[in-house]
Amino acid sequence: MLVKHGVISALTRSTSHSPSSSSSTVLRRQQFLVRTLCASKTHLPKLIRAMSSTSEADAESVLRTVTPSLDPKRHKGQAVLSLLVTVTQWKIAVIGGCREYTGAPYFAAISALKIGADLSHVFCTKDAAPVIKSYSPELIVHPVLEESYTISFHNLCLLLSGCSQFSEEEKRKVQDKVIGEVDKWMERFDCLVIGPGLGRDPFLLECVSKIMLLAKKSNVPFVVDGDGLFLVTNSIDLVKSYPLAVLTPNVNEYKRLVQKVLNCEVDEEKAEDQLRSLAKQIGGVTILRKGKSDLISNGEIVKSVSIYGSPRRCGGQGDILSGSVAVFLSWAQQLKSDPERKLLFYFTLSENFSPSESPVILGCIAASGLLRKAASLAFTKHKRSTLTSDIIECLGKSLEDICPAS
């Protein structure tokens, strides 16, 4: 009856557009109206949920569910989700870091460690490696990536020594060496973060393209951020139809993706529908659109995360997010990876999530919620002077507040 006359749809629209300061009051009034109009209590919970915003995720519940608890009886690299489930903690690798940009890969890698990754690797260029190593002894740094200028320098040395000009064959050998260095580690990684501090050198991007193909072949999830998104926007096939890929664009990166894939401009009035269409057009990859409210979609559903947050937008927060997504995605993936763990997964999340929601979506929700809380804590203390390093220092406390270690 209510649906027939459009009452519920009208209530839904009014709820989703209500100002946040008065949303609870409006919702209570609408619930009273439903109770008055509906004689049957059987459908009441469904009607109330229908009036609520269906896209807002309960980020704290997701965090509590996917974050493993700690057990001192376990050796390094293990944790316990419950009395029934034992899992291994995770190894994350960041592909990025060049002469100009050394901070971004550090932020992504150290954030993964701060949240609870077991080991965090960085694959970067030779020039970037000493700098990144100097930031922290906690990171495992591999100086294996090559840029065009190193190829040109090698070419010059060959010419001066009287050798023939540097051939395409020699160039391919250098590329194969880079890929080989990454390949021998690939099976150890639970997730890659591709793009922080990568730069836009053509030869380097070509190498990273092959690393992405290698990750897909090995069925390793990866998060694409920063200059990795520049690469993907110009080569959509690198991620198309790969369900374990996550793209984390900011405003400008998202604009370029929409223009490239949907051949139109960003429409803020239809933000959720457009995001869903974009993700579906790329074959069901998951996109986490960063903004005042983070929007997440895999082409089927759309979830938003708007809790906490900070008015201070310092550079580097996206790098924290990409490293965080890698960790939470891995934890959620393991939680849902076999029949026994699926039981726990659905039991704990059935109130808020449908079986179709992937661990990738849940990993994005958890990472978004944690970063927003950490940014809020950092801003409370530092105000206008808040830096990315301040937010990273608040990751541990933020996670502890939501998911106590003991």
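Start by selecting Ser-398, which sits in helix H17 (residues 395-402). Helices here are DSSP runs of H or I with at least four residues, strands are runs of E with at least two, and both are numbered from the N terminus. Is Ser-398 buried or exposed? Its relative accessibility is 0%, so Ser-398 counts as buried. (Buried means under 20% relative accessible area, exposed means over 50%, and partly exposed is in between, using a 1.4 Å probe and protein chains only.) Now show what Ser-398 touches: leaving out residues up to four places away in sequence, you'll find Leu-370, Lys-373, Ala-374 and Leu-377. Touching, or contact, means heavy atoms within 4.5 Å.

A quick word on what you're looking at. This is a predicted model, where local features need pLDDT of at least 70 and side-chain atom pairs count only at pLDDT 80 or more, while totals for chains, interfaces and linings use all residues. Residues are numbered from 1 along each chain as its sequence is written, and side-chain values use heavy atoms, with hydrogens and water left out.

Zoom out for a moment. The protein has 17 helices and 11 strands, and 51% of its 406 residues are buried.

Next, select helix H11 (residues 251-261) and helix H12 (residues 271-281): their axes come within 11 Å and cross at roughly 60°. That makes H11 oblique to H12. (Angles under 35 degrees count as roughly parallel, over 145 as roughly antiparallel, 65 to 115 as roughly perpendicular, and the rest as oblique.) Which residues make the contact? On H11, pick Tyr-254, Leu-257, Val-258 and Val-261; on H12, pick Ala-271, Gln-274, Leu-275, Leu-278 and Gln-281.

Stay on H11 and colour its buried residues: Glu-253, Tyr-254, Leu-257 and Val-258. They span an arc of only 135° around the axis, so they lie on the same side of H11. Here's a handy rule: an α-helix has 3.6 residues a turn, so residues three or four places apart point the same way. What covers the buried residues of H11? The cover includes helix H10 (227-234), strand S8 (245-247), H12 and strand S9 (286-289).

Last stop: Asp-118, in the loop between helix H5 (103-115) and strand S4 (119-125). Asp-118 is buried, with a relative accessible area of 17%.

How values were computed. Axes are lines fitted to C-alpha atoms, for helices over the stretch in contact, and angles run from 0 to 180 degrees between N-to-C directions. The arc is that of the directions from the helix axis to the C-beta atoms.
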